[in-house]
Amino acid sequence: IVNLSRFNFSLGMALLLAVLFLGETYYCLDLVVQSFGYYCWYFLKVAFQTDAFERLGKASMGLGGAPDGKGGSDTWMSAWTIFYWGWWISWAPFCGTFLAKISRGRTLRQFILGTLIIPSLYSFVWFGIFGAEGIRMQRLPGARRGR
């Protein structure tokens, strides 16, 4: 199973590098860096967003809400939060058991790097490169035909 996992990872890396170097390389790298910067810049703002003004009522009542009338309802945030709580509570025992099993004998630093930081950065680069090429192909008609 180890060799199958290594082959799968190698195949994924080959696909990632092919998309990166056969497409607009500088555009992909620029978009990854720019998106990571936006992510870091807006992280705290989005993390503490609670839709407090939506609880005041609709904008037409003069009490709050989105000025364009297209905002969400006051129940959206609480329903979304409860959904995530349920999801995490249901999966936490499985994830915790798996991470404990594969991390036996490792230090806390290795555990944090191997389960939080490195996978997050790898995912950011993966989605950034494929997202950049997808956006480029969508916005440029010639890119769809390989020009």
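Predicted model: local features only at pLDDT ≥ 70, side-chain atom pairs only at ≥ 80, totals over all residues.
Colleague: How many helices and strands does the chain have?
Modeller: Helices (H or I, at least four residues) and strands (E, at least two) are DSSP runs, numbered from the N terminus. From that end the elements run α-α-α-α-α. The count is 5 helices and 0 strands.

Colleague: What share of the residues in the chain is buried?
Modeller: Buried means under 20% relative accessible area, exposed means over 50%, and partly exposed is in between (1.4 Å probe, protein chains only). The chain has 147 residues, and the buried share of them is 12%.

Colleague: What part of the accessible surface belongs to carbon and sulfur atoms?
Modeller: Accessible areas come from the Shrake-Rupley method with a 1.4 Å probe; for residues, only the protein chains shown count as cover. The surface of the chain comes to about 12,400 Å², and the carbon and sulfur part is 69%.

Colleague: How are α1 and α4 oriented to each other?
Modeller: Axes are lines fitted to C-alpha atoms, for helices over the stretch in contact, and angles run from 0 to 180 degrees between N-to-C directions. The axes of α1 (residues 2-22) and α4 (residues 108-139) come within 10 Å and cross at roughly 45°. Angles under 35 degrees count as roughly parallel, over 145 as roughly antiparallel, 65 to 115 as roughly perpendicular and the rest as oblique. The two helices are therefore oblique.

Colleague: Which residues of α4 meet α1?
Modeller: Contact means heavy atoms within 4.5 Å. From α1 the contact takes in Phe9, Gly12, Met13, Leu15, Leu16, Val19 and Leu20, and on the α4 side Tyr122, Trp126, Ile129, Phe130 and Glu133.

Colleague: Where does Leu15 lie, and which residues does Leu15 contact?
Modeller: Leu15 lies in helix α1 and is partly exposed, at 45% relative accessibility. Leaving aside neighbours within four places in sequence, the contacts of Leu15 are Trp126 and Phe130.

Colleague: At what angle do α2 and α4 cross?
Modeller: The axes of α2 (residues 25-47) and α4 come within 9 Å. The pair is oblique. The crossing angle is roughly 125°.

Colleague: Which residues of α2 meet α4?
Modeller: On the α4 side the contact includes Leu121, Phe124, Val125 and Gly128. The α2 side consists of Tyr27, Cys28, Leu31, Val32, Ser35, Phe36 and Tyr39.

Colleague: Is Cys28 buried or exposed?
Modeller: Cys28 is found in helix α2 and touches Leu20, Ile129, Ala132 and Glu133, not counting residues up to four places away in sequence. Cys28 and Val125 are 97 residues apart in sequence, yet 9.6 Å apart from C-alpha to C-alpha. With a relative accessible area of 0%, Cys28 is buried.

Colleague: Which residues does Glu24 touch?
Modeller: Glu24 lies in the loop between α1 and α2 and is partly exposed, with a relative accessible area of 42%. Its C-alpha is 9.0 Å from that of Ala132, which is 108 residues away in sequence. Not counting residues up to four places away in sequence, Glu24 touches Glu133 and Arg136.

Methods:
Residues numbered from 1 in each chain as written. Heavy atoms only, no water.
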